[in-house]
Amino acid sequence: MIHYMKLGKVPRKPHTAFYEDGKLLMEHCHTREGFEGAYSILYYRVPPTDENAVEKLAIPGFCPFEPLAEQPLYRRHIMTGELKLKGDFLDARRVLLFNADVQMSMVKPTESSQRFFSNGDGEELYFVYKGSGRVESLFGVLPFRERDYVLIPRGTPYRIHWEGENPEFFVFEGTGFIDIPTEFRNRHGQITDYAPYSHRDFRVPETLLAHSEADHGKSPFKLVVKRADVLTVHQHEHFPYDVAGWDGCVYPYAFNIHDYQPKTGLVHLPPTIHTTFAGNNFVVCSFVPRKVDYAEGSIPCPYGHASVHMDEILFYVDGNFTSRRGIDTGSISLHPAGIPHGPHPGTYEKSIGTDRTSELAVMCDTYKQLKLTTVAHDIEDKDYHLTWVAKEGGGIDVPGAR
Ligand SMILES: [Fe+2]
């Protein structure tokens with residue numbers, strides 16, 4: 001939830017008769033936390049309950065995914081550029097990392113889709129690594145562009161459509177809410193003036209969704225639902241996203257990472273300063289091009305650290321990554337709790353005296369241990385853990401690395 005909004009027509013009072021062309025519309029409450037949390041109220045032209053068939057579906061690697069059987073503790077580097085996928089935004093989705101609070105996936109669709117998807121397990125936070133297009137959902141049409149975050153609330157039927165270059169996404173699926181951190185809001189719910197963004201930075205659905213046979217096909221209309229890590233396909237007689245209007249506080253929204261206003265200090269500030277979204281037991285942070293620490297003698301490169309309660313992943317998007325060698329755009333590093341990590345040899349010294357960084361990266365810190373899937377293991381740089389020491393002499397032996 002960012003703020004209250006309204007799209008299309010709604011009656012003056014909720015739960016009262018509302019007609020369009022003499023026909024009574026069906027009110028539909030989309031609620032969270034039972035009836036205690038944020039909600040939206042929609043007005044359907046045809047009730048969305050007209051299903052005529054339900055069947056099971058499996059998309060191996062997405063739902064279900066296969067956990068890596070053994071995961072010795074070492075630093076990991078997953079090269080998502082090596083992941084070759086095809087199909088629509090569901091067929092071309094693979095879970096790479098997961099714990100009980102969050103699943104992280106790459107989505108590399110090659111085909112647009114007429115089917116819709118609703119995630120009954122949690123919120124989805126897409127990061128648009130490549131491409132642009134639109135998210136079509138029950139709440140309307142939300143255009144997205146490269147480097148956007150797109151938040152899709154739990155239980156929202158949507159599909160991803162684009163023209164031109166195939167998009168690529170890095171997706172966080174959180175079992176709890178994903179929202180902007182509470183400390184960035186005042187007691188009235190307004191985003192504070194010292195937050196790294198303002199209400200004006202968040203984009204919302206612009207128009208209601210209208211059925212088009214060319215875009216959405218003919219009856220029956222298929223909705224894929226994920227619940228308890230099982231997919232079912234629900235078949236509807238009528239286009240189930242034909243609403244006359246809605247209002248409320250639940251809807252998808254977009255935020256571009258370049259609208260994030262980073263803070264810098266006299267000396268290096270901890271990664272917490274880059275927090276953008278908060279989930280249940282995890283945070284998502286944005287590292288954007290910025291001026292760096294400016295006190296005389298300050299070292300802009302991140303210091304080595306052992307964040308003993310959290311696993312940390314970085315998804316490298318663009319620019320120079322001052323603290324890492326061997327990392328490319330599209331790389332994911334996993335630096336787990338239990339062992340320290342820090343800049344590669346040479347990068348620490350090299351950063352002294354620099355005044356800007358061009359890095360663009362998305363970070364996620366989790367309280368619970370992140371596990372790899374077999375798909376992630378297949379595209380790992382299995383020497384990564386060894387890259388902090390000289391190769392001469394053979395380095396160190398990492399069980400399971402080779
Ligand atoms: Fe770190």
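**The contact between the domains**

Reply: In this predicted model, the domain assignment divides the protein into domain 1 (5-74 + 81-256) and domain 2 (257-388). The C-alpha centres of domain 1 and domain 2 are 28 Å apart. Across the boundary, 41 residues of domain 1 are in contact with 40 residues of domain 2. On the side of domain 1 that touches domain 2, at least two residues come from each of β8 (93-98), β9 (102-107), β11 (123-130), β16 (168-174) and β20 (253-256). The largest share is that of β8, with five residues. Sorted by class, this side of domain 1 holds 26 nonpolar, eight polar and seven charged residues.

The nonpolar core comes next. The largest nonpolar core has 82 residues, and those touching the most other members are L96, M104, L125, V150, I313, F315 and A361. Domain 1 and domain 2 each contribute at least three residues to this core. In soluble globular proteins, nonpolar side chains tend to be buried together. F315 can be followed in detail: beyond its neighbours within four places in sequence, F315 is in contact with F170, I332, A361 and V362.

As for the whole chain, the protein contains three helices and 28 strands. Its radius of gyration is 23 Å, close to the 21 Å given by the globule rule for 402 residues, so the protein is as compact as a globular protein of that length. The C-alpha trace spans about 80 × 45 × 40 Å along its principal axes. Of the 402 residues, 37% count as buried. Among contacts between residues at least 6 apart in sequence, 75% join residues at least 24 apart.

Some backbone details away from the description of the contact deserve a note. Most residues other than glycine have a negative phi, and most peptide bonds are trans. The peptide bond from C63 to P64 is cis, with omega near 10°, and P64 lies in the loop between β6 (51-57) and β7 (76-79). Another cis peptide bond joins S219 and P220, where omega is about 5°; P220 is in the loop between α1 (213-216) and β17 (221-227).

Positive phi values also occur. E33, which is not a glycine, has a phi of about 50° and is placed in the loop between β4 (26-31) and β5 (39-44). E33 counts as exposed because it has 9 C-beta neighbours inside 10 Å, and the cut-off for exposed is 12 or fewer. N281, also a residue other than glycine, has a positive phi near 70° and sits in the loop between β21 (275-279) and β22 (282-287). With 17 other C-beta atoms within 10 Å, N281 is partly exposed.

Confidence sets a limit on the reading. The pLDDT averages 92 over the protein, and 96% of the residues score at least 70. Over residues 392-402, however, the pLDDT is below 50, and this stretch has 15 contacts in the model beyond near neighbours in sequence. Where pLDDT is low, the predicted coordinates should not be read in detail.

Note on methods: Residues are numbered from 1 along each chain as its sequence is written. Domain bounds come from an automatic or database domain assignment. Two residues are in contact if their C-beta atoms, placed from the backbone, lie within 7 Å. Helices (H or I, at least four residues) and strands (E, at least two) are DSSP runs, numbered from the N terminus. Ala, Val, Leu, Ile, Met, Phe, Trp, Tyr, Cys and Pro count as nonpolar, Asp, Glu, Lys and Arg as charged, and the others, Gly among them, as polar. A residue is buried if 20 or more other C-beta atoms lie within 10 Å of its own, exposed if 12 or fewer, and partly exposed in between; C-beta atoms are placed from the backbone. pLDDT is the predictor's confidence in each residue, from 0 to 100. The radius of gyration is taken over C-alpha atoms; the globule rule is 2.2 Å times the number of residues to the power 0.38. A nonpolar core is a set of buried Ala, Val, Leu, Ile, Met, Phe, Trp, Tyr and Cys residues joined through C-beta atoms within 7 Å.
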